[in-house]
Amino acid sequence: MSFTRPSIAAPEFDQAVVAIDTMSWRPGVHVERIASPQRVAPHSIAIAADLKDGATTLSTGRLILLHDPLGNESWDGTMRLVTLVHADLDETMITDPLFAEAAWSWLTEALETHDARHRVLAGTVTASYGRGFGELTSNQSEGEIRASWTPELTNAEAIAHHLRAWQDVLGHLGGRPPLPSGVVSLHNR
């Protein structure tokens, strides 16, 4: 016989879902809801995003918000954000020994820049390079950031800080980092 947790109202989660659904994403970011994991937490929502330049996809990502009203000891809270961001990158970028540290700093700095308060941040950065031989002559260079953190959602709008930070990471990995405040990109004109 398996134990089923009682369902508890989740107004904080519902507010976060509304914020995710109404987020104004940067130009070139195309977001859609996707199936979310059902066994990790009683409540979850997942989105997938592509950062595009015309028909070219620069980076892709997934973001999942998990909510367990009873809390989760390993999360140190009731909510958890989980992400995967991926991009095909230039070989010189992937083989740079500082790539992993730089990519991780994109996440930590984005969270700080957008005042996305959090705790229990964990993750990995993966750089892979494959060289084709014989009939397969193409090379492949990829970068990937996997991370999770517990957002501190003090009000209904707080999740938007995390969403903006996440889209910055999507932009960094896709070669379109955020511009300083007040600067207009000629690329987007």
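The secondary structure of the protein chain, in this predicted model, consists of 4 helices and 6 strands, where helices (H or I, at least four residues) and strands (E, at least two) are DSSP runs numbered from the N terminus. Along the sequence these elements follow the order α-β-β-β-β-α-α-β-β-α. Residues are numbered from 1 along each chain as its sequence is written. Local features need pLDDT of at least 70 and side-chain atom pairs count only at pLDDT 80 or more, while totals for chains, interfaces and linings use all residues, and side-chain values use heavy atoms, with hydrogens and water left out.

Of the 189 residues in the protein chain, 38% are buried, meaning under 20% relative accessible area with a 1.4 Å probe, protein chains only. Among contacts (heavy atoms within 4.5 Å) with a separation of 6 or more, 61% are between residues 24 or more positions apart.

Beyond its neighbours within four places in sequence, L65 contacts residues including F13, I20, M79 and I159.

W75 sits in the loop between β3 (56-72) and β4 (77-88), and W75 counts as buried because its relative accessibility is 8%. Its C-alpha atom is separated by 7.5 Å from that of W149, 74 residues apart along the chain.

Technical notes. Buried < 20%, exposed > 50% of the residue type's maximum accessible area, 1.4 Å probe, protein only.
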